[in-house]
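Trainee: I have a fold open in my viewer and would like to learn how to read it. Could you walk me through it, one feature at a time?

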Amino acid sequence: MIIKSAKYLTSVVDKNKLLNDEVCEFAFVGRSNVGKSTLINNLTGKKGLAKTSSIPGATKMINYFSINENQARFVDLPGYGYHRAGKKNQNMWAKLIEDYLLYSNNLKLVLFLLDIRHKPNELDKIMLNYLLETKRNFIIVATKADKLSKGAQHNAINGIANELNINTQIIFPHSSLTSQGKKEILDYLESLF
Ligand SMILES: Nc1nc2c(ncn2[C@@H]2O[C@H](COP(=O)(O)OP(=O)(O)OP(=O)(O)O)[C@@H](O)[C@H]2O)c(=O)[nH]1
Ligand SMILES: [Mg+2]
């Protein structure tokens with residue numbers, strides 16, 4: 001997929017306000033601070049498009065971005081598992097993510113992000129099961145690949161595949177610093193049209 005334009009559309013905190021027209025969506029899910037918003041900025045080539053932060057809990061709403069004048073939408077979701085956000089916020093965000101995954105009719109693919117350095121945790125496994133239960137099409141993006149050598153990346157990807165019982169072919173290592181993996185991910189998105 002060649003992204004020629006990307007712009008912010010709207011933010012939603014209510015399942016009744018989810019956009020549900022004919023435009024296909026790609027959603028970015030994962031633990032807080034894993035790099036969802038940064039990945040959107042890297043794929044679109046627009047640094048400040050989605051708000052990022054070194055402090056977890058940056059994204060608090062469902063943020064929609066229009067790609068190529070509504071050829072598609074990127075959907076930036078709040079992260080899960082940020083305990084300092086407090087139970088009330090965590091529950092609210094979890095519900096929002098669940099509702100989005102349940103009710104979005106034109107969701108083509110979930111980009112499920114995992115930090116390449118860490119073993120998937122319990123919440124990641126719950127998310128994976130939720131994607132399987134709701135029959136959502138997904139790939140795994142192993143983020144922050146620049147933190148590991150190529151050899152260590154290879155081992156980490158095998159580790160993630162084993163832990164989650166999935167095929168390494170759907171795991172894409174990515175770095176927003178070097179743009180490693182950007183082309184492979186965009187090619188994959190293109191293949192879905
Ligand atoms: N080294 C490195 N750092 C990254 C990469 N991607 C993201 N980061 C850093 O990770 C931190 C979190 O990035 P965000 O994109 O805000 O993470 P998020 O998943 O959107 O977080 P929430 O909105 O809190 O759920 C920021 O400090 C980013 O600069 C990467 O590929 N390499
Ligand atoms: Mg974010």
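**Reading the fold**

Mentor: Let's begin with burial: of the 193 residues of the protein, 39% count as buried. A residue is called buried if 20 or more other C-beta atoms, placed from the backbone, lie within 10 Å of its own, exposed if 12 or fewer do, and partly exposed in between. Keep in mind that this is a predicted model, where local features need pLDDT of at least 70, side-chain atom pairs count only at pLDDT 80 or more, and totals for chains, interfaces and linings use all residues. Residues are numbered from 1 along each chain as its sequence is written, and chains are lettered from A and ligands numbered from 1 in the order in which they are written.

Trainee: How many helices and strands does the protein have?

Mentor: Helices (H or I, at least four residues) and strands (E, at least two) are DSSP runs, numbered from the N terminus. Here there are 5 helices and 7 strands, and along the sequence they follow the pattern β-β-α-β-β-α-β-α-β-α-β-α. The radius of gyration is 15 Å, close to the 16 Å that the globule rule gives for 193 residues, so the protein is as compact as a globular protein of that length. That radius is taken over C-alpha atoms, and the rule is 2.2 Å times the number of residues to the power 0.38. Along the principal axes, the C-alpha atoms fill a box of roughly 45 × 40 × 30 Å.

Trainee: In what order do the strands of the sheet lie?

Mentor: Two strands pair if DSSP finds at least two bridges between them. In this protein, an open sheet of 7 strands has the order S1-S3-S4-S2-S5-S6-S7, with mixed pairing. Strand S1 (6–12) and strand S7 (171–173) stand at the edges with a single partner strand each, so one side of each has no neighbour in the sheet. From one strand to the next, the twist averages 25°. For such angles, axes are lines fitted to C-alpha atoms (for helices, over the stretch in contact), and values run from 0 to 180 degrees between N-to-C directions.

Trainee: Is strand S2 largely enclosed or left open, and why?

Mentor: In S2 (residues 24–30), 6 of the 7 residues are buried, so this strand is largely enclosed by the rest of the structure. S2 runs parallel to strand S4 (residues 72–76), and 5 bridges join the two; Ala27 has Val75 as its bridge partner there. With strand S5 (residues 107–115), S2 pairs in the parallel sense over 6 bridges. Val29 has Phe112 in S5 as its bridge partner, while Phe28 stands opposite Leu111 in S5.

Trainee: Which strands does helix H4 lie across?

Mentor: Two residues are in contact if their C-beta atoms, placed from the backbone, lie within 7 Å. Helix H4 (residues 150–164) lies across S5, strand S6 (138–143) and S7, running at about 155° to S7. Contacts can also be sorted by sequence distance: of those in the protein with a separation of 6 or more, 71% are between residues 24 or more positions apart.

Trainee: What does Ser11 touch, beyond residues up to four places away in sequence?

Mentor: Ser11 is in strand S1 and touches Met61, Ile62 and Asn63. The C-alpha atoms of Ser11 and Met61 are separated by 6.0 Å, although the two are 50 residues apart along the chain. Ser11 has 13 other C-beta atoms within 10 Å, so it counts as partly exposed.

Trainee: Where is Asn33 found, and what about its phi?

Mentor: Asn33 is in the loop between S2 and H1, and its phi is near 80°, a positive value in a residue other than glycine. With 20 other C-beta atoms within 10 Å, Asn33 is buried. Glu69 also has a positive phi, about 50°, without being a glycine; it is placed in the loop between strand S3 (62–67) and S4. Glu69 has 9 C-beta neighbours inside 10 Å, so it counts as exposed.

Trainee: How many residues surround ligand 1?

Mentor: A residue is near a molecule if its C-beta atom, placed from the backbone, lies within 6 Å of it. Ligand 1 is surrounded by 24 residues, the closest being Gly35, Thr38, Thr52, Thr59 and Gly79. Helix H1 (residues 36–44) gives the most to this shell, with 3 residues.
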